[in-house]
Amino acid sequence: MLGKLDGLLPVGSVLVLEEPDVIEARGLAGLSDRHACVAALLPAPTQDEAHPERLVRAVPRPPQVRAVVPVVEYGVVTAAALAEEWGLPGAGVKAAHLLRDKGLLRAALTSTGTLQPDWAPATGPETVAAFRAAHGGEAVLKPAGRQASLGVQLLGPDDDVTAAWAHTTTADEPTLRARHSEPARYLVEQRLHGPEVSVEAVVHEGVVGFLNITAKTVRDSRHPVETGHTVPAPLPEDTSAELRRSLVRLAQSIGFRSGILHSEWLLAGADGRPHLIECAGRMPGGGITVLIDEAYGTDILSCLLRVLEGRGPVEPRPALRGAAVRFLTPPPGRVARVSGAERAREAEGVHAVHLGVEPGAVVRPVTSSWERAGFVIATAAAGPEAAGRLAERAAALIDIATEPEAVPGEEG
């Protein structure tokens with residue numbers, strides 16, 4: 001995001017707030033030397049969701065401040081609190097709290113008309129096993145406040161619930177989360193079956209404007225990590241219309257004010273009706289922002305800044321082309337060689353190729369989005385399905401050869 005803001009905003013116009021633990025873990029000192037837009041990096045309690053007033057007290061209102069932008073999942077609540085204190089548009093503190101806890105969100109949407117899987121708080125392996133037994137031998141176990149599919153598991157009747165509980169409760173992001181973060185909570189949910197999509201929407205003063213639907217492909221694994229996204233999702237018009245109505249209902253139900261909503265849905269049952277999986281009050285990851293910009297000829301970050309600065313709504317617009325990303329997921333082990341990247345970059349329709357590993361690196365089993373080894377993005381004037389085929393062909397040109405090695409983690 002800072003790289004994009006370098007091209008959008010004046011030099012020295014951004015104040016970055018971050019937890020001291022994260023600054024140290026990620027080596028963020030000297031951030032202003034790497035990004036011209038950054039005026040300063042200020043250590044601050046950005047992840048104290050239980051007491052967001054601590055951040056409000058710690059950060060004086062900068063003169064001529066125009067917007068408070070939540071960049072990471074763990075700063076959504078405090079960003080909303082800061083915007084509210086400074087009289088700027090934002091999600092609203094109540095809505096931000098709901099979006100940061102999947103259990104609170106589920107409870108808030110009960111009886112609102114939003115379709116959801118059955119669910120319950122999970123307090124240990126016994127509660128998970130009992131829920132699974134009452135729901136046909138299947139269940140979904142997940143943390144209530146993580147991101148990137150971290151700790152999410154799809155359980156069948158023969159899966160070891162004790163081992164699954166141990167994996168989910170130890171899954172963490174030590175370089176992204178402060179050491180003082182609140183204890184994690186967990187959910188167990190009914191496992192639904194069907195295609196998965198996400199809905200990204202720009203909201204201005206509670207009104208949904210621009211909206212995109214992303215089609216997803218997911219690993220056939222206990223760990224449902226996304227392997228590809230396609231924009232816009234090639235869906236029947238009535239399904240797209242119901243997804244938009246569902247997103248509007250969600251935003252109204254939680255009182256979301258201004259910003260971006262990134263919601264994930266599963267089209268379940270014979271009628272394929274949208275059931276909410278989860279929703280975040282921030283920009284989407286997984287390359288979706290790039291796909292939206294390429295497909296619609298827009299700049300989704302500029303759209304976000306527009307509503308957070310109070311400059312007005314972002315109206316719906318039609319897609320101009322299709323765009324797709326396909327992620328690289330080689331077998332676990334130590335990388336022996338990487339080849340084909342240049343051929344992939346030169347392939348038809350390819351917009352970008354990114355490799356996250358090189359020879360000597362260790363590839364872990366893919367249990368969250370963080371273990372993916374790279375991606376290919378392609379576009380096609382013929383539409384989203386054509387873009388998906390081009391991305392898949394280009395990704396197939398890249399060979400990441402690994403040698404078996406004892407790799408920490410588990411393969412699902």
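**Reading cavities and a helix face**

Colleague: How many nonpolar, polar and charged residues are in the lining of the second largest cavity?

Modeller: That lining divides into five nonpolar, one polar and six charged residues (Ala, Val, Leu, Ile, Met, Phe, Trp, Tyr, Cys and Pro count as nonpolar, Asp, Glu, Lys and Arg as charged, and the others, Gly among them, as polar). The model is predicted: local features need pLDDT of at least 70 and side-chain atom pairs count only at 80 or more, while totals for chains, interfaces and linings use all residues. Numbering runs from 1 along each chain as its sequence is written, and side-chain values use heavy atoms, without hydrogens and water.

Colleague: Which residues line the second largest cavity?

Modeller: The lining consists of Glu73, Leu98, Leu99, Asp101, Lys102, Leu105, Arg146, Gln147, Glu278, Cys279, Ala280 and Arg282. Two or more residues each come from α6 (93-99), α7 (102-109) and β11 (273-280) (DSSP runs numbered from the N terminus: helices, H or I, of at least four residues; strands, E, of at least two). With three residues, β11 gives the most. The volume of this cavity is about 70 Å³.

Colleague: Where does the largest cavity lie?

Modeller: It lies between domain 1 (1-85) and domain 2 (86-114 + 193-320), because both give residues to its lining; the bounds come from an automatic or database domain assignment. It holds about 110 Å³ of space. Of its 17 lining residues, Pro70, Ala91, Ser258, Gly281 and Leu308 lie nearest its centre. Helix α5 gives the most to this lining, with four residues. By class, the lining has twelve nonpolar, four polar and one charged residues.

Colleague: Which residues of helix α9 are buried, and why are they on the same side?

Modeller: An α-helix has 3.6 residues a turn, so residues three or four places apart point the same way. In α9 (161-170), Val161, Ala164, Trp165, His167 and Thr168 are buried (under 20% relative accessible area with a 1.4 Å probe, protein chains only; exposed is over 50%). They cover an arc of only 165° around the axis, which puts them on the same side of α9; the arc is that of the directions from the helix axis to the C-beta atoms. The face turned away carries the exposed Thr162 and Thr170.

Colleague: What do the buried residues of α9 pack against?

Modeller: They pack against β3 (119-122), α8 (125-134), β4 (139-143), β5 (153-155) and β6 (186-189), contact meaning heavy atoms within 4.5 Å.

Notes
On a 1 Å grid over the protein atoms alone, a cavity is a set of points where a 1.4 Å probe fits but cannot get out, and a pocket is an open set with protein on both sides within 12 Å along at least five of seven lines; lining residues have an atom within 4 Å of a point. Grid points are joined across faces, edges and corners, and a volume is the space filled by probe spheres set on the points.
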